[in-house]
Amino acid sequence: MKRLLLSLIFLSSMLSLHAQDISIAGKWSVRLDTLDIGKKKMWQNELFGGQSLNLPGTLDESGIGKTNNLDTLSINKAVLISLSRKHRYIGVAWYQKEITLTKAVIRGSILLERVIWKTDCWIDGVYLGSAHSLSTAHQFELSNLKSGKHTIVLRIDNSKQFDISFNDFAHAYTDGTQIMWNGVIGEMKIIPSENFRLDELQVYTDPSTKSVEISVGINGIVPLARKKIRYKIFKKGKLLASKVFPIEDDAKLKNILRKISLKNVELWDEFNPNLYKLIVELVDSKSTILAANQTSFGFRKIGNDNGSLTLNNKRIFLRGTLDCNIYPDQGHPPMEKKGWIKVFNTIKQYGLNHVRYHSWCPPEAAFQVADSLGLYLQVELPLWSIKVGSDKPTLTFLQQESQRMISSYGNHPSFCFWSMGNELEGDFKWLNELVKQLKKQDNRRFYTATTFSFQKGHGLEPEPFDDFFITQYTKKGWIRGQGVFNAEVPNFDKDYRLTADSIPVPIIAHEVGQYSIFPNLGEIKKYKGVLEPLNFKAVRYDLKKKGLLDLADSFKLASGKFAVILYKEEIERALKTNSLSGFQLLDLHDFPGQGTALVGLLDAFWESKGLIEPSGFKEFCSEVVPLLRYKKASFLNTENFTGSMEIANFGQGRINERAVWEVTDANKHVLYSGTTDKRSIGLGTSKLGDVSFSLSSIKKPLALTFTLKIENTSYKNSWDFWVYPAAPSEQKDKVLFTSSVQQALQALKDGRTVLLNPDSSGINGVAGRFTSVFWSPVHFPDQPGTMGILCNPQHPALNKFPTNFHSNWQWWDLITNSKTMVLDGLEGSYTPIVSVIDNFFKNRKMAVIIECKVGNGKLILCSMDIKKNLQQRIEAQQLRTSLMDYASSETFNPEKSLDESGLLKLLK
């Protein structure tokens, strides 16, 4: 296949063979140029002296810059907007180092692996040029350096060079996650190349023909006559092929394209990440090596089978999370393999196979580790703009950046997907033309014009040249639960087959989840690097001031366990949808920017918050997941439980096993069980069989668990549901149930016991919302802002309403039909029967059920509707029964007292 050869003479590969590379890492002198006068005054010719630091490194890591002076003793947006830099510097900084060469360098280059944003470089006062990139190395050509001492000077400007981002949100250049550091990270070296250099080494594999097409550029200063190119292909150190091709007697020849066939090839995927190594050598007539380069590669082909995503002609399903450049210790991504091994192993432990790099590109080490582990990466240009096309220099930068990214990372098999940026708006004609150009130039991956868009006329269907489509909804509706979980009664038969139907390219659910979790204050001690958790400290101080600090860990656990439940249903709905090809979570780990968006089950360090073990998460998020469709969360014992068992099989091949199911109570006693026939289960989501059983044998309220296993495998999954007696009894003679405040007050004066259930319009409080805070209560303040319930399941008031200590699906109707009471300002310390966790921006003491003495009487006040339509609202009926039973019992003896004025503060 004829290919458009890359013309840039840039970074060929971090894997290049340069045995004589000269490190320039170490101690450098540094000089801040706050007024940007250094060029005019020719600082490159001066000795800096004075302050120094180690490079690779950043000013932040050396404590250089303006010191943070935020007030941590008050909750405010400035403190909670993100983690805080201990030191901050935006502008020009100059770096100087004297080096000693033991031998002359005829020609070569200086390589700085990653810089924000622009670098000018001098050696011995001679200007070598400038470089702009946020995604690839800055590299400078040099020549005729004699042995001995030389002085390198770098002028690095980390101020905004191009308009790539809305509110500086793009994660390649932001203080919200990664910081806008100044310095150099990664490799720093001089690469000698003598008379020749082999660069632009690109490998294009074709699994169907078992061949590789190799493109290499020859950059030389002497004629190529009588020279040859030698290609060697290895796997696990074994030489598989060696070919030598003569070079035509043409000194102007700069690019060579060759095709090599192999007898057998092993394919690359998540299960078998088979890697090959290519070494290319330029040799003379005596086989002396004049220049060499190398790269790794894999045989894989991404495809579209009638809208389903395939790899090597087999269906795959992307189980993804985002990486928004969140690395709090250093404020920048790891540049060595060790850091990426930790991140990617964690991601795989939780059953994921895919990572989206939101508006940035990871470094070389990330691709190398992902290649070796079989992870599918989606990389993006450093772009998150709502006015694409308004600035022509920015467009030029982005076009050049895309070429640099292909040149640097194009051979990596893990580089499977490429988006032009996040939620883009503006000139879609330009975006589509860029995608069209890149696809024509390099067909080794799938492309899309944007990762979703809110722009009218876009975002609802693929763009003309999209290979895949990422969205949160189509013209037919949502393809993620976050948009429907508050609006629809829980129904576990749901999927997105209707809304994801008829999309001609693979469709991926966009930023699934975003369920906020209360801060883990124990995380504060982890921050030992350049970032200070002032946001967490401010929350801690506010809780202490309000007497709630002892509850912080319980708030974290309850809101976190609830988030796990919501993420589980999100993932299972996606897996039940055969027309869907994946999802991208936001996020498996926390996003500490944009108002402290603690949406992760892991913290910002990719470490556990104690919410769910990897093995538990993998039950509903792995290559093979048993699934269950059933209609609702709660049942009466006069009903049958009916369901349909399915399996999402995106493993290595067919499964030939039976499915085994059982229903157990809280004590692990098996109440019901069964098996399916043994069958051959292909790739995709398919049905295993139906299940139905009568609930008539259940005589008391129970929480039950349905577990489905695939025999002779580790694959299993489970679901909770609740069963209540159909004819509950109520102690009306002992307890007054009323919605009238006046009637309740009179009864309390008379010394009676009252269960008061006012209409929500009569309660001072916050509208009930089942799901937790969306994203962040700081970033999106106009939402109810609650984070689920917290209760003691052993409290006698809940004896007949089985529950966890956190929200679960049986609370949906009750919370949806409620108003949350705010207890702030009441005298005394109240421990509610059922608390509601407030968001960490406000930290109010909140509840939906409290108990207290009022005057001569005793009161339970419930702000969830347990009065209306109880025949259809069986959870409300059951909770009412449980509360009435408790109120009529001898154990009901509230410790706290509330006077009439205090009660009326809660009511209108």
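**A walk through the predicted model**

Asn312 is buried, with a relative accessible area of 12%; the cut-off for that word is under 20%. This structure is a predicted model. Asn312 sits in the loop between β23 (308-311) and β24 (314-315). Its phi is positive, about 55°, although Asn312 is not a glycine. Most residues other than glycine have a negative phi, and most peptide bonds are trans.

Asp168 also has a positive phi, near 55°, and is likewise a residue other than glycine. Asp168 belongs to the loop between β13 (148-157) and β14. Its relative accessibility is 24%, so Asp168 counts as partly exposed.

Peptide bonds can be checked as well. A cis bond joins Leu55 and Pro56, with omega about 5°. Pro56 is in the loop between β3 (52-55) and β4 (57-58). Another cis bond runs from Ile116 to Trp117, where omega is near 5°. Trp117 lies in the loop between β9 (105-114) and β10 (118-123).

Next comes Ser193, in the loop between β14 (183-192) and β15 (196-206). Ser193 has a relative accessible area of 6% and is therefore buried. Apart from its neighbours within four places in sequence, Ser193 is in contact with Arg107 and Gly108.

On the surface, Ile106, Ile221 and Val222 form a nonpolar patch, and together they have about 230 Å² of accessible area. Val222 is placed in the loop between β16 (211-220) and β17 (228-235). With a relative accessible area of 33%, Val222 is partly exposed.

His354 is in strand β26 (residues 354-357). Its relative accessible area is 0%, so His354 is buried. What is His354 in contact with, leaving aside its neighbours within four places in sequence? The list includes Leu318, Arg319, Leu375, Tyr376, Phe417, Phe583 and Gln584. With Gln584 there is also a polar contact between the two side chains, at 3.0 Å. Glu194, by comparison, is 160 residues from His354 in sequence, and their C-alpha atoms are 41 Å apart in space.

The last stop is helix α7 (residues 552-575). At 1.5 Å a residue, its 24 residues should span 34 Å, and the end C-alpha atoms are 34 Å apart, so the two values agree. An α-helix has 3.6 residues a turn, so residues three or four places apart point the same way. How many of the residues of α7 are buried? The number is 20 of 24, so the helix is mostly covered, since buried means under 20% relative accessible area.

Methods
Residues numbered from 1 in each chain as written. Predicted model: local features only at pLDDT ≥ 70, side-chain atom pairs only at ≥ 80, totals over all residues. Heavy atoms only, no water. Helix = DSSP H or I, 4+ residues; strand = E, 2+ residues; numbered from the N terminus. Buried < 20%, exposed > 50% of the residue type's maximum accessible area, 1.4 Å probe, protein only. Contact = heavy atoms within 4.5 Å. Polar contact = N/O pair within 3.5 Å; in protein donor to acceptor, adjacent residues only side chain to side chain. Patch = residues over 30% accessible without salt bridge, like charges linked within 9 Å, V, L, I, M, F, W, Y side chains within 5 Å. Areas by Shrake-Rupley, 256 points an atom, 1.4 Å probe, with all protein chains shown as cover. Salt bridge = Lys/Arg side-chain N within 4 Å of Asp/Glu carboxyl O. Expected span 1.5 Å × (residues − 1).
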